[in-house]
Amino acid sequence: MTDTKRTLPVLPPAPPEGATPHAPVDDACFLGERPDVPKLREALATIKNWFRANSLWVMAYGTGCGSIELRPLTTARFDMERFGMAMRPTPRQSNVLIISGYLATKSLKRVIRSYEQMPAPKWVVGLGSCTINGGMYWDSYNTINRLDLYLPVDVYIAGCMPRPEALLAGFSYLMERIKKGEANGWHHYLENLDWYKENQKKLITDWDMPDYNW
Amino acid sequence: MPLATKIAWSALGVLVAIAYGLSIGGVIRKVMARIQGRIGPPVWQPFIDLGKNLFMRSATHHGVMFILGPVFRAAGGIGLFLLIPVIVGDPRFENFAFSGDLLLAMYFLFFGSLGMALGAGEGGHPHSPIGIGRGLAQMSSFELPFGLAVVAIAAQAGSFSIAEIVASQQGGVLHWNLFANPFASVAAFLAFLGMNMYAPFNIVGAPQEIPVGPPTEYNSQFLSLMMAGRAIFAVAKMVLYMDLFLGGAHSIPEAFVKTFLIYFWSVFVGAVFPRFRTEQAIRFFLGWPTAAGIAGVLLVMFR
């Protein structure tokens with residue numbers, strides 16, 4: 001008889017100190033030149049972030065059942081194109097990766113690959129409680145429990161399932177954070193790549209891809 | 001007009017054409033959204049998309065040809081635009097038209113896509129060659145009715161110069177080739193549907209089947225150059241059709257109205273039709289459009 005007593009999984013240690021997920025990133029350059037005038041740098045960063053926030057291209061990729069809530073966003077009722085958002089079928093042209101619900105360890109490999117192929121700056125949205133604490137799959141043998149151990153999450157949208165309205169609210173929150181220059185998870189990922197890779201490789205035992213997928 | 005001034009006016013024309021092409025892209029997205037009962041993005045959304053892609057921090061490329069692909073496409077669009085006189089009798093907007101430019105313009109119609117094919121091929125993604133194969137097959141098939149229509153129009157005007165073809169259509173609406181040679185016009189405007197790659201001829205970049213076709217691997221700054229190239233290419237095609245079939249334009253507002261109508265012919269068809277498979281598209285273009293093109297040539301021969 002197997003032991004039916006359920007225990008919480010042991011979590012890896014917190015990421016190293018020094019870089020917080022929301023630390024500002026110096027982005028104020030124009031054609032490769034960094035002007036010395038602080039106000040100009042500020043204006044440049046604001047302009048860039050405004051463009052990025054108003055043209056979010058979402059990768060059309062669903063990992064779990066939450067992706068069923070993404071489809072209505074393109075329809076007449078919710079219409080995310082109002083906010084300049086569009087679905088892109090290739091990671092090379094996407095800016096937002098949505099982990100929609102539970103993430104199987106098998107999918108994690110593909111998700112990492114897709115995430116690393118996206119051009120920076122890029123943002124990850126964790127959709128549903130499965131990405132926060134495992135949700136109803138918290139003791140499953142083949143799903144992950146905490147997404148931010150493996151990928152830098154910029155916005156979580158809680159719920160099981162969150163409705164399309166909740167998604168739109170989450171996206172507008174993400175847009176606000178981008179405009180303020182706070183959504184810098186992609187930078188955190190690069191700064192703490194070793195820590196992320198260590199966590200990823202603990203789960204993916206058949207690691208047969210490069211350490212970083214360009 | 002001195003050459004330097006002419007170059008300056010042509011450069012201004014290219015910039016206006018890019019802005020016009022991008023705005024038309026925004027209007028198309030808005031129209032499509034309204035047809036589907038949505039609110040749709042703002043009309044200036046393509047500008048935001050272009051700026052966003054320009055401000056990406058990282059870009060991935062796969063070699064020299066991959067970088068040159070969007071450059072070729074933009075060069076094809078700009079080259080095509082510069083060969084076509086936009087406003088009749090206005091030396092500022094006549095660009096660099098010369099006798100025999102129609103043949104070169106037809107070459108430039110192909111040139112951008114061939115450059116893209118080479119570039120996207122080096123991207124190495126399996127979906128790119130599928131899209132390229134479909135695109136070139138479709139292009140070869142609509143080139144036949146379009147070529148027949150162009151031959152008919154050129155024979156009718158007695159010249160391969162676009163400026164002279166425009167001049168031969170002056171004197172009233174019924175002198176336009178649209179009415180003077182209706183068969184050739186039917187052939188050319190059906191070929192235009194395939195040229196613009198809206199439904200039913202949009203399997204080249206079918207998002208549900210092959211992600212986005214040829215540009216699957218293109219990202220960041222490459223993509224924004226490609227968007228600008230696509231915009232000017234669309235405008236150049238519209239202006240070419242305006243000159244060949246609608247008697248050119250005598251003022252800038254007239255040019256805007258005519259090109260808008262020409263382009264939205266393909267958009268409105270695209271809004272209500274489902275998608276052809278590649279072999280269906282080829283069969284379509286080799287059927288009635290080609291027959292209309294032959295009828296157009298015969299009409300000129302036995303007039």
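Which residues does Ile84(B) touch, not counting residues up to four places away in sequence? They are Asn95(B), Ala97(B), Ala105(B), Ile162(B), Ala236(B), Val239(B), Leu240(B) and Asp243(B), where contact means that C-beta atoms, placed from the backbone, lie within 7 Å.

This is a predicted model, in which local features need pLDDT of at least 70 and side-chain atom pairs count only at pLDDT 80 or more, while totals for chains, interfaces and linings use all residues. Residues are numbered from 1 along each chain as its sequence is written, and chains are lettered from A and ligands numbered from 1 in the order in which they are written.

Ile84(B) also belongs to the largest nonpolar core, which has 82 residues. Such a core is a set of buried Ala, Val, Leu, Ile, Met, Phe, Trp, Tyr and Cys residues joined through C-beta atoms within 7 Å; buried means that 20 or more other C-beta atoms lie within 10 Å of the residue's own. Helix H9(B) gives the largest share of this core, 19 residues; helices are DSSP runs of H or I with at least four residues, numbered from the N terminus. A second, separate core of 42 residues includes Leu70(A) and Trp123(A).

H9(B), residues 220-245, also meets helix H2(B), residues 45-54: their axes come within 7 Å and cross at roughly 150°. Axes are lines fitted to C-alpha atoms over the stretch in contact, with angles from 0 to 180 degrees between N-to-C directions. Among the residues making this contact are Pro46(B) and Leu50(B) of H2(B), and Leu223(B) and Met227(B) of H9(B).

Between the chains, the contact takes 18 residues from chain A and 27 from chain B.

Technical notes: Helix = DSSP H or I, 4+ residues; strand = E, 2+ residues; numbered from the N terminus. Contact = placed C-beta atoms within 7 Å. Buried ≥ 20, exposed ≤ 12 C-beta atoms within 10 Å, placed from the backbone.
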